[in-house]
Amino acid sequence: MEQLEFHLSKNQTKKVLDVGTGVGNFIFLLTQALGDYEEIVGIDTSMRAVELAKGYFPNQEKIKFSVMDARQLEYPNDYFDAVCLSNSLHHLDDAQPIFDEMERVLKPKGLLIIHEMISDPLTPKQVSHKLIHHFSAEIDRLLDIKHDDTYTKAEIEDKLQLYSSCVIEDSWIPVHKEKHEFSQEEVDQVILSLDQMQNRISNPDQLPYFKQKAETIKEHIKEHGFDLATQYMFILRKNK
Ligand SMILES: C[S@@+](CC[C@H](N)C(=O)[O-])C[C@H]1O[C@@H](n2cnc3c(N)ncnc32)[C@H](O)[C@@H]1O
């Protein structure tokens, strides 16, 4: 996380917004990378995610969570030193107004931080993660929930150039000091999750297709094992 630490401290980052915060995973990372900060806010449209996030950060006055749509951020112009979007780009239904809003609330010279899982290149172990993720995304799409498959690094860069007026200053693959090796028990749990995901499919005609697909993914996991897909961090700067 040293590279993130470097950018945040160089920019004297005190107020941070995490858009599509989910249960606040990226805020854990931010608290490690930020020195002294005034305020971190996580927003998400999911009330359940926000309630869970609040539970993970009890008694932390400087960290707040709100149910809010990123298309209408309830903050003044030029308020935050940094605005983050982690693993959410491929979930955005309407990316342009969300980028416009993120940049509106960002101070001039502020940082737009995009953290996103990539689809390629991955090791065979990491492909297991991608296949499961894409399986769940396909079920989401069946249920009319916006969830694209993950993108390549080049596709992410293209989207950032399309939606954002900020300039990409840096990008890298964050290296976690304590790398998690998945135990057999955890891998078995991952395999089981493929069956649980199918419980969301209500049309019985669609089940054989997903059942077959799940079996192919299970074979891949059994042969190659499981590891998390590579994530990329992008630092963009608002120039105006
Ligand atoms: C995969 S989660 C990412 C969670 C977290 N940032 C992380 O890195 O683990 C994507 C999140 O984006 C949220 N989301 C999607 N569209 C949104 C919007 N328009 N406004 C706010 N949150 C949104 C979803 O509810 C979901 O919690």
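Q: Which of the 19 residues around the ligand come nearest?
A: In this predicted model, Gly20, Gly22, Asn25, Ala70 and Ser86 come nearest to the ligand. Two elements give two or more residues to the shell: helix 2 (25-33) and strand 2 (39-44).

Q: What makes a residue of the shell around the ligand count as polar, and how many do?
A: Residues that belong neither to the nonpolar set nor to Asp, Glu, Lys and Arg count as polar, Gly among them.

Q: Which residues of helix 7 and helix 8 meet?
A: Helix 7 brings Val187, Val190, Ile191, Leu194 and Asp195, and helix 8 brings Ala214, Ile217, Lys218 and Ile221. By class, this contact has 7 nonpolar residues, 2 charged ones and no polar ones.

Q: How do you know whether helix 5 is parallel or antiparallel to helix 7?
A: Helix 5 and helix 7 pack at about 10°, and their axes are 11 Å apart. Angles under 35 degrees count as roughly parallel, and therefore helix 5 is roughly parallel to helix 7.

Q: Where do helix 5 and helix 7 meet?
A: Ile132, Phe135, Ser136 and Ile139 of helix 5 meet Val190, Leu194 and Met197 of helix 7. The residues of this contact are 6 nonpolar, 1 polar and no charged. Val190 and Leu194 are also among the residues of helix 7 that meet helix 8.

Q: Why is asparagine 87 not put among the buried residues?
A: For asparagine 87 the count is 17 other C-beta atoms within 10 Å. Buried takes 20 or more and exposed 12 or fewer, so asparagine 87 falls in between and is partly exposed. Asparagine 87 lies in the loop between strand 4 (80-86) and helix 4 (95-104), and has a positive phi near 50°.

Q: What makes the peptide bond from aspartate 120 to proline 121 cis?
A: The omega of this bond is near 0°, and the bond is cis. Proline 121 is found in the loop between strand 5 (106-117) and helix 5 (124-142).

Q: How do you know how exposed arginine 237 is?
A: Arginine 237 has 17 other C-beta atoms within 10 Å, and is therefore partly exposed. Arginine 237 belongs to strand 7 (residues 231-237). Apart from its neighbours within four places in sequence, arginine 237 is in contact with Lys109, Leu111, Cys166, Val167 and Glu169.

Q: Which residues have the most contacts inside the largest nonpolar core?
A: They are Leu17, Val83, Cys84, Met102 and Leu112, in a core of 39 residues. Leaving aside neighbours within four places in sequence, methionine 102 is in contact with Val19, Val83, Leu85 and Leu112.

Methods:
Residues numbered from 1 in each chain as written. Predicted model: local features only at pLDDT ≥ 70, side-chain atom pairs only at ≥ 80, totals over all residues. Core = buried A, V, L, I, M, F, W, Y, C linked by C-beta atoms within 7 Å. Contact = placed C-beta atoms within 7 Å. Helix = DSSP H or I, 4+ residues; strand = E, 2+ residues; numbered from the N terminus. Near = placed C-beta within 6 Å. Axes fitted to C-alpha atoms, helices over the stretch in contact; angles between N-to-C directions. Parallel < 35°, antiparallel > 145°, perpendicular 65-115°, else oblique.
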